[in-house]
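Student: I have a model open and want to go through its helices and a few residues. Can we start with how the helices are assigned?
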Amino acid sequence: MHARGDLVRLQARGIDPVRHELMPRVVAGIFAVGMLAALSCLIALLIAYLSLYGLSLGAFAGFTRVIGQIFEPGVMMILALKTLLFSLAVSLIPVGALLRGPRADTTRTGAALDSLVRMFLAVLLIEVASLIGNYT
């Protein structure tokens, strides 16, 4: 958007580009990561139940009790926080790279790779912190 001059054109027309172009992308990214995490948890629970008990519903009460014992409130809090931090990292890092604009020393591919490396490092740090939280 910087290279094409879209942000400057929007500002010239009196439209705030952060509000109209970037904020919907951030909100959509946060929502998408949260929904993907919820869907993957649901599918993992379904596969675990089916692999242990098959199509029988008789063991559902025992299964939910065991799952409740495994995922105690502290573990669930760390999982929810990790999911929120992942969604923020995945949504805000590319938008931050867009707001910084093109640098003179990087190409378009170099800027995209730079943003991906930042995102990888953020996700890695979040994962390490969540592992430390779960196992201490």
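Tutor: Helices here are DSSP runs of H or I with at least four residues, numbered from the N terminus. Pro 94, for instance, lies in helix H4. Keep in mind that this is a predicted model.

Student: Is Pro 94 buried, exposed or partly exposed?
Tutor: Pro 94 has a relative accessible area of 32%, so it is partly exposed.

Student: And what does Pro 94 touch, leaving out residues up to four places away in sequence?
Tutor: Pro 94 touches Ala 89, Ser 115 and Met 119.

Student: Is Ser 115 buried or exposed?
Tutor: Ser 115 is buried, because its relative accessible area is 9% and the cut-off for buried is under 20%.

Student: What about Ser 130, where does that sit?
Tutor: Ser 130 is found in helix H5, which covers residues 108–134. At a relative accessible area of 6%, Ser 130 is buried.

Student: What lies by the polar side-chain atom of Ser 130?
Tutor: The backbone oxygen of Glu 127 is 2.9 Å from a polar atom of the Ser 130 side chain. Ser 130 also touches Ile 78 and Lys 82, again leaving out residues up to four places away in sequence.

Student: Changing topic: helix packing. How do H2 and H4 sit against each other?
Tutor: Helix H2 spans residues 17–53 and helix H4 spans residues 73–100. Their axes are 8 Å apart and the packing angle is about 150°. Angles over 145 degrees count as roughly antiparallel, so H2 is roughly antiparallel to H4.

Student: What is the handedness of that crossing?
Tutor: H2 passes H4 in a right-handed crossing.

Student: Which residues make the contact?
Tutor: From H2, the contact is made by Val 18, Leu 22, Val 26, Gly 29, Ile 30, Val 33, Gly 34 and Ala 37. From H4, the residues are Thr 83, Phe 86, Ser 87, Leu 88, Val 90, Ser 91, Leu 92, Val 95, Leu 98 and Leu 99.

Student: How many of those are nonpolar, polar and charged?
Tutor: The contact of H2 with H4 has 13 nonpolar, five polar and no charged residues.

Student: Gly 34 was on that list. How accessible is Gly 34?
Tutor: Gly 34 has 28% relative accessibility, so it counts as partly exposed. Gly 34 is 16 residues from Leu 50 in sequence and 24 Å from it in space, C-alpha to C-alpha.

Student: And H2 against H3, at what angle do they cross?
Tutor: The H2 and H3 axes cross at roughly 130° and come within 11 Å, with H3 covering residues 60–70. H2 and H3 are therefore oblique to each other. H2 passes H3 in a right-handed crossing.

Student: Which residues meet there?
Tutor: Leu 45, Ala 48, Tyr 49, Leu 52 and Tyr 53 in H2 meet Phe 60, Phe 63 and Ile 67 in H3. By class, the contact of H2 with H3 has eight nonpolar, no polar and no charged residues.

Student: Last one: His 20. Where is it, and how accessible?
Tutor: His 20 lies in helix H2. With a relative accessible area of 48%, His 20 is partly exposed, because exposed requires over 50%. His 20 and Leu 81 are 61 residues apart in sequence and 28 Å apart in space, C-alpha to C-alpha.

Key
Residues numbered from 1 in each chain as written. Predicted model: local features only at pLDDT ≥ 70, side-chain atom pairs only at ≥ 80, totals over all residues. Heavy atoms only, no water. Helix = DSSP H or I, 4+ residues; strand = E, 2+ residues; numbered from the N terminus. Buried < 20%, exposed > 50% of the residue type's maximum accessible area, 1.4 Å probe, protein only. Polar contact = N/O pair within 3.5 Å; in protein donor to acceptor, adjacent residues only side chain to side chain. Contact = heavy atoms within 4.5 Å. Axes fitted to C-alpha atoms, helices over the stretch in contact; angles between N-to-C directions. Parallel < 35°, antiparallel > 145°, perpendicular 65-115°, else oblique. Left-handed = near helix turned anticlockwise from the far one by under 90°. Nonpolar A, V, L, I, M, F, W, Y, C, P; charged D, E, K, R; others polar.
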